[in-house]
Amino acid sequence: MCGAERNSFTLRRNPADAKSCCVVNQVNVRDAHLSCNRSTTPRFAVLPCLRARIIGLLEFKDGDRDSRVLRGFPDWQTSPYVLPYAAGTSHLVDQANCSPAGNGHRGTARYGYDFLMPIGTRVTAARGGVVVLLEESHFDGEIAATGKDNYLYMVHDDGTGALYGHFTNQGIAVDSGQTVLPGMLLGFSGNTGNTANKPHLHLSVFKCNPVTLGSAACPTAPFTFRNTDPNPQGLQRGQTYAAH
Ligand SMILES: [Zn+2]
């Protein structure tokens with residue numbers, strides 16, 4: 001669930017996040033682009049234009065917010081990512097991309113997944129990389145919008161990175177600076193930080209490094225998984241996914 005998770009994990013706070021999930025929800029993207037090209041574009045149209053270009057294309061059907069479709073997902077069958085838990089196990093996706101108002105996967109944090117799992121579940125690397133930052137000092141049940149998350153941030157070989165969140169106390173099994181391979185044990189899940197008191201693992205991916213650049217400059221990116229059911233639009237909220 002993650003509550004207002006956009007501000008957790010000690011990433012730099014972006015005040016604009018509070019307003020911006022799928023924000024283009026009020027904007028017809030095609031019209032916005034047309035407006036951008038008009039020399040007589042009213043000033044008020046500029047922000048929606050920029051925002052639409054920055055966040056990418058979104059589509060809504062008949063004004064139904066739940067039917068919106070996020071775009072830009074890489075081909076799932078050739079995805080570099082596997083589910084972050086052991087083959088043969090399954091977990092429910094409690095929050096996926098661009099969650100409803102009041103939840104955390106919105107704004108610059110709108111691409112991400114929450115996998116419900118009991119405290120102590122083995123969390124494995126969805127992709128290989130180098131661990132660059134971790135926090136594991138907090139205790140299960142320490143719930144807060146910011147500052148209480150146990151997490152791990154990893155950089156991949158192409159400069160993208162992944163954030164794994166809400167580990168249990170002293171629950172990270174790798175060290176900062178360590179190179180990890182896909183499927184390797186990263187640690188044990190927990191219920192720390194902005195979890196809405198639901199034990200789960202949060203996973204999101206970034207095309208650049210939000211630790212150094214800030215979450216405003218480095219928003220979450222869409223990603224898919226190759227070792228589970230077809231997920232061309234990413235994993236879906238409310239569905240259970242088995243790792244093969
Ligand atoms: Zn989350």
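Q95 stands opposite D114 in strand 4, where strands are DSSP E runs of at least two residues, helices are H or I runs of at least four, and both are numbered from the N terminus. That pairing belongs to strand 3 (residues 90–95) and strand 4 (residues 113–116), which run antiparallel and are joined by two bridges; at least two DSSP bridges are what it takes for two strands to pair. Strand 3 also pairs with strand 14 (residues 240–242), again in the antiparallel sense, over three bridges. Here S90 has A242 as its bridge partner.

Before going on, a word on the model: it is predicted, so local features need pLDDT of at least 70 and side-chain atom pairs count only at pLDDT 80 or more, while totals for chains, interfaces and linings use all residues. Residues are numbered from 1 along each chain as its sequence is written.

Zooming out, the protein has three helices and 14 strands. Residues 24 or more positions apart make up 71% of the contacts with a separation of 6 or more, a contact being two C-beta atoms, placed from the backbone, within 7 Å.

Three strands line up in the order 5-11-9, with antiparallel pairing. Strand 5 (122–124) and strand 9 (167–172) sit at the edges with a single partner strand each, so one side of each has no neighbour in the sheet. Neighbouring strands here are turned by 35° against each other on average, direction ignored, using axes fitted to C-alpha atoms. Strand 9 and strand 11 (residues 185–189) are joined by two bridges, and I172 stands opposite G187 in strand 11.

What about the inside? Beyond four places in sequence, A162 touches A126, R127, G129, M154, L203 and V205.

Strand 12 is also where you'll find L201. L201 counts as buried because it has 24 C-beta neighbours inside 10 Å. Its contacts beyond four places in sequence include P84, F115, Y164 and S189. V123 is 78 residues away from L201 in sequence, yet their C-alpha atoms are 8.0 Å apart.

Notes. Axes fitted to C-alpha atoms, helices over the stretch in contact; angles between N-to-C directions. Buried ≥ 20, exposed ≤ 12 C-beta atoms within 10 Å, placed from the backbone.
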